[in-house]
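Please look over the structure shown below before reading on.

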Amino acid sequence: MMNPGAHGAGELTEAGQQVRYELATKAGHYYRFSCQGDTLTECQVRRLDPGTLEPLPPAATSDRTYVTWRAEVDETAIVDVGASLPSQVQVGRYTFDFSETEDAEPNTVEDAISKAVPSEFTGVLNAADDVDVFRFSIPKGHILAVRCYPMSGVSGPDTEIVRADGTVLNKRRYLYRRGEAAVSAENDTGEDLFLRVSSQVGGVDVGDYGCKATDDGLDDHPDALPEATVVAVPSTTPVKFWPEGDVDVLAVDLVGGHTYQVNSNGFSFYPSTTVLDAQGTVLAKDIEDPDSLSLVAEFTAPSTARYFLSLRRLQGFGVYVTYYDTEFTYSISDITP
């Protein structure tokens, strides 16, 4: 039986061998057990159910050099140390550490740790149900972006930006560097924003993580009709999509019966165009080329009037990218014969 603070060395003498350790734990406390390879190239730790001896998550689903958890009851925890399955070296020596840890990052907005913008910081998810909360102050109308990533785990944590009252402004799941590069949200009220960091379902992200917070400035185009950016025909306008779900609205005067072409000029994700009239009535939703789902679309104005082009990100056909693009140029031209 080992108590927190124990450390030592072990050895695997044959392929497939597991060395078992019994650990004394108390209800409500956090613990960490880790191994480091010596002559053994890579080691892995799996925590077992004390009753059934079946692997517990996250080690049940991935090879990890450590496990962290919160003890629910006073019990003898069980861990196995073995060689990492992908490693060609299956025998050799390793060292291990068993420690009691603290939840250094608060779990609520009331106790949240304030971080500067910009800044880089780290944290630890100590258990599958642990939540870390950080506070940020940025000017009203500016966009807070925070990118969190794993430091020693298999994949990164879930993140979301919320207001003090708990309203969720945006969420992001770390998908092995696919999708949004960061979780981001506009500070539309001028109050502090909060970042919640948590484990994915099943606790596969428990462990160390790092984050980088930035102020992405003001949204380049409003998301409502009255404040829409006015553009001419022909014209090419720089556009940036900030948070997931960001909408940018452009206003343009069109001639009835004329056909207009819009083009997102090489944007790897199709920015769909929804056309509205001055009263906000949708005249055409997510217009696109029906044959190729390309970045070019056409619209014929029913009458001479001011129209509004509401742009949002929509995945294009056959597009495979690491991160969604954020910047592109949006052109409109009259192609009436």
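What does the accessible surface of the protein come to, and what share of that surface belongs to carbon and sulfur atoms? In this predicted model, the accessible surface of the protein comes to about 16,000 Å², and carbon and sulfur atoms account for 50% of that area. The protein has 25 strands and zero helices, and of its 337 residues 45% count as buried. Among contacts between residues at least 6 apart in sequence, 75% join residues that are at least 24 apart.

One part of the protein is an open sheet of four strands, in which the order is β1-β7-β3-β5 and the pairing is antiparallel. The edge strands, each of which pairs on one side only, are β1 and β5, and neighbouring strands of this sheet are turned by 20° against each other on average, direction ignored.

| Strand | Residues |
|---|---|
| β1 | 7–12 |
| β3 | 30–37 |
| β5 | 66–70 |

Strand β3 pairs with β5 in the antiparallel sense over five bridges, and Tyr31 has Trp69 in β5 as its bridge partner.

Is Asp248 buried or exposed? Asp248 counts as buried because its relative accessibility is 0%, where the cut-off for buried is under 20%. Leaving aside residues up to four places away in sequence, Asp248 touches a set of residues that includes Asp219, Asp220, His221 and Pro222, and also Val239, Lys240 and Phe241; Leu309, Ser310 and Leu311 are among the residues touched as well.

Notes: Residues are numbered from 1 along each chain as its sequence is written. This is a predicted model: local features need pLDDT of at least 70, side-chain atom pairs count only at pLDDT 80 or more; totals for chains, interfaces and linings use all residues. Side-chain values use heavy atoms; hydrogens and water are left out. Two strands pair if DSSP finds at least two bridges between them. Helices (H or I, at least four residues) and strands (E, at least two) are DSSP runs, numbered from the N terminus. Axes are lines fitted to C-alpha atoms, for helices over the stretch in contact, and angles run from 0 to 180 degrees between N-to-C directions. Buried means under 20% relative accessible area, exposed over 50%, partly exposed in between (1.4 Å probe, protein chains only). Contact means heavy atoms within 4.5 Å. Accessible areas come from the Shrake-Rupley method with a 1.4 Å probe; for residues, only the protein chains shown count as cover.
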